[in-house]
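Subject: Handover of a structure

Dear colleague,

Please find the structure below, followed by an account of what was found in it.

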Amino acid sequence: MRWEVLLKKHIYALGGAGLLLSVSMLALPAQELTGELPDPPEFSAQSEPVFVSVSDILEYKALPEYNEPDWVTSKYVDAGTLPPVGERLPKEPMVYKAANMPDGIGVYGDTMRHVIGGRPEGWNYIGGQSQGWGGIDIGLSECLTRTGPLFTIKADELEPMPNLAKSWEWSEDGKELTMHLIEGAKWSDGDPFDADDVMFYWEDNVLDQNVSPLNGGTPETFGQGTTLEALDPYTIKWTFKEAFPTQYLYAMAYGTFCPGPSHILKPEHPNYSDNTYDEYKNAFPPEYLNIPVMGAWVPVEYRPDDIIVMRRNPYYWKVDEQGNQLPYLNEMHYRLSTWADRDVQAVAGSGDFSNLEQAESYVEALRRSAEDDAPARLQFGARTIGYALRMNLSGNGWGEPDARAQAVRELNRDLDFRKAVTMAVDRQRLGESLVRGPFTAIYPGGLYAGTTYYDKDSTVYYPYNLEAANELLDGLGLEDTDGNGIRNFPEGTANGADVEITLLANTDYGTDTNLAEGVIAMMEPLGLRVIANFQQGTARDDMAQAGQFDWNVERQGAEMVSVVQGTSALAPTGPRTHPFHRAGTDGTLDLLPFEQELVDTVNAFIATSDNAERAELMKQYQQIFTENVYSVGLTQYPGALIINKRFANIPAGAPIFMFNWAEDNIIRERVYVPEDKQASYELHPETLPGEPGSDGPM
Ligand code: BQZ
């Protein structure tokens with residue numbers, strides 16, 4: 001109790017006269033400002049993955065015979081409204097090996113009931129629309145390679161798994177990569193999947209500056225000057241500037257190389273129609289049902305603010321070793337609610353799946369799932385959920401800042417300013433404000449403790465130190481000239497106004513706004529007025545992408561966990577690859593010197609596959625990042641997968657987030673419910689998707 005009261009008292013004092021106090025502690029040497037980073041509290045993941053090779057999981061092979069649910073044969077094939085399963089499958093389907101399935105070959109039936117907090121904008125993923133997240137886009141979109149399940153792969157064999165690209169080979173000099181697409185696979189409406197779909201995504205969406213594909217695929221995501229061409233309907237060839245940039249195979253996975261149905265989208269694209277780019281992006285609203293997909297389930301019903309229902313894809317191109325066409329589950333539900341409700345419904349058993357990721361819900365979820373009659377099991381993974389305060393570092397116009405915002409950008413670009421902010425963040429208190437117990441760790445920023453490339457000795461930590469923080473701001477000449485407790489810009493900057501900073505955060509998550517409110521409160525003793533700009537998910541994402549923020553509190557991506565996934569986002573390696581520093585109005589990046597070092601380090605990492613060299617490069621990255629407070633780490637904690645106990649084939653140790661989210665990691669197409677446990681939740685039993693754009697299932 002004592003320190004809290006103390007702190008409270010201390011703050012008020014500082015708030016009023018703080019500026020005076022700090023004068024006396026001038027010239028504290030820099031190294032005095034750093035300190036020993038406390039180790040994260042002991043917290044062992046509840047189950048370990050079974051580490052295997054990619055070839056233990058799957059292969060591409062023609063099988064003597066194929067099967068499907070009996071009702072598909074009797075109601076559709078025999079009725080002549082659907083070709084026999086053998087004709088619907090590719091020459092060599094992807095075959096999942098039974099030995100790698102935790103519970104073996106499955107049976108058909110049942111539904112997985114997801115609850116999500118997002119709302120679908122429409123089905124044009126490559127045109128930039130979100131489908132509501134929570135596993136919808138992950139389930140609909142199949143990509144050239146796959147990385148979600150890589151948490152089970154032996155570290156020394158780590159490489160993206162084949163998917164739509166079933167094999168590839170590098171040229172002698174490593175500058176060319178020839179990829180072989182799965183042959184004879186079809187979209188869920190029976191239209192052939194081939195290089196046309198790949199090239200439409202690349203040429204008319206990634207390379208087209210007027211289109212921003214969802215999840216941020218840009219030309220630089222695959223390397224400056226990289227080209228892609230189709231050699232024939234099932235062969236594509238990449239040409240890179242550097243040799244053997246195996247790194248880009250990760251970028252060919254979810255979310256940056258997942259082709260869309262060109263036979264449906266191309267006619268709507270401005271290059272092939274009179275449509276505007278906006279009309280192209282919005283050409284397939286959520287009401288448009290049966291959009292062709294390569295994924296296992298197709299949307300057949302949409303009730304706004306209520307539910308999206310999906311039915312099994314009759315042309316899905318993956319089977320088990322007995323030739324049973326996947327998926328095993330006939331239906332997927334996505335109830336449109338909130339992310340917090342997802343946890344509640346999963347532990348209550350009225351929902352089937354949740355990524356427990358909001359620390360505020362942990363205690364209740366743990367309590368409920370510990371009861372004997374709990375419908376769901378909960379398994380914690382490693383600490384891969386992390387939040388940071390990110391400052392917009394563009395000084396040359398990204399997001400078209402006004403005079404006030406431009407002045408804030410200049411402060412953001414000042415190391416002493418960022419140091420002051422990070423030292424005013426009391427991470428212990430911030431973590432405990434979310435949840436007590438061994439969950440949250442003191443996170444200074446950069447790569448996460450406990451992850452592959454993390455090195456503690458390379459991590460610079462500026463402990464909580466309000467006095468020194470105020471002193472640094474004094475040193476920047478930010479005086480409270482009008483005595484209202486808020487520092488002012490120096491004369492000639494933003495009319496000497498109060499230093500006011502807007503803070504963007506996502507209202508879809510309590511954790512995001514709680515942390516943001518914590519930051520706002522902790523900046524007050526510094527004499528900085530931080531103003532909440534809390535936005536709903538999609539609006540927040542759009543503002544963040546467009547650079548319309550001074551600061552934002554954000555849950556970080558996979559690049560901070562695995563480094564190898566999303567690598568190009570670790571530094572501004574291209575004009576539109578980085579989350580908080582993108583090109584200004586003149587298209588150039590005004591990088592700070594240490595940022596250039598980070599870019600060079602990341603590019604060197606991409607250009608080598610030598611593990612020792614890579615580990616060394618990431619130590620340099622961590623040192624430069626944390627020493628320069630590239631972003632202000634707020635907290636880091638483990639997430640937990642909540643899954644209903646009736647489901648089988650859930651891999652042990654599946655993290656909710658590593659290379660991708662659990663909706664990908666658990667390989668849902670091979671998840672099943674044993675016959676005796678099946679429930680009757682199907683809303684459209686024994687139906688298949690209808691014609692693209694038609695109402696409801698067939
Ligand atoms: C998981 C994920 C699956 C996006 C989204 C959402 C968007 C972001 C992020 C997570 C949700 C869930 O995260 O929180 O548990 O189901 O969907 O896609 O936050 O607003 O833009 O990056 O993945």
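**The ligand and its surroundings**

The ligand is surrounded by 13 residues, and the closest are Arg342, Glu357, Tyr509, Asp541 and Glu663; a residue is near a molecule if one of its heavy atoms lies within 4 Å of it. Please note that this is a predicted model, in which local features need pLDDT of at least 70 and side-chain atom pairs count only at pLDDT 80 or more, while totals for chains, interfaces and linings use all residues. Residues are numbered from 1 along each chain as its sequence is written, and side-chain values use heavy atoms, with hydrogens and water left out.

The shell around the ligand divides into five nonpolar, three polar and five charged residues. Here Ala, Val, Leu, Ile, Met, Phe, Trp, Tyr, Cys and Pro count as nonpolar, Asp, Glu, Lys and Arg as charged, and the others, Gly among them, as polar.

Polar contacts are pairs of N or O atoms within 3.5 Å; within protein, one must be able to donate a hydrogen and the other to accept it, and residues adjacent in sequence count only if both atoms are side-chain atoms. A polar side-chain atom of tyrosine 509 lies 2.5 Å from an oxygen atom of the ligand. For arginine 342 the corresponding distance to a ligand oxygen atom is 2.8 Å, and for arginine 555 it is 3.0 Å. The ligand taken alone exposes 470 Å², of which the protein buries 86%; accessible areas come from the Shrake-Rupley method with a 1.4 Å probe, and for residues only the protein chains shown count as cover.

**The five-stranded sheet**

Five strands form an open sheet with mixed pairing, in the order β18-β17-β19-β16-β20. Strands are DSSP runs (E, at least two residues), as are helices (H or I, at least four), numbered from the N terminus; two strands pair if DSSP finds at least two bridges between them. Because β18 (529–535) and β20 (632–637) stand at the edges with a single partner strand each, one side of each is left without a neighbour in the sheet. Five bridges pair β16 (residues 385–391) with β19 (residues 551–555) in the antiparallel sense. Methionine 391 has tryptophan 551 in β19 as its bridge partner.

**The disulfide**

The structure holds one disulfide, a pair of cysteine sulfur atoms within 2.5 Å. Cysteine 143 is joined to cysteine 258, with an S to S distance of 2.1 Å. The torsion about their S-S bond is about 80°, so the disulfide is right-handed.

Yours sincerely
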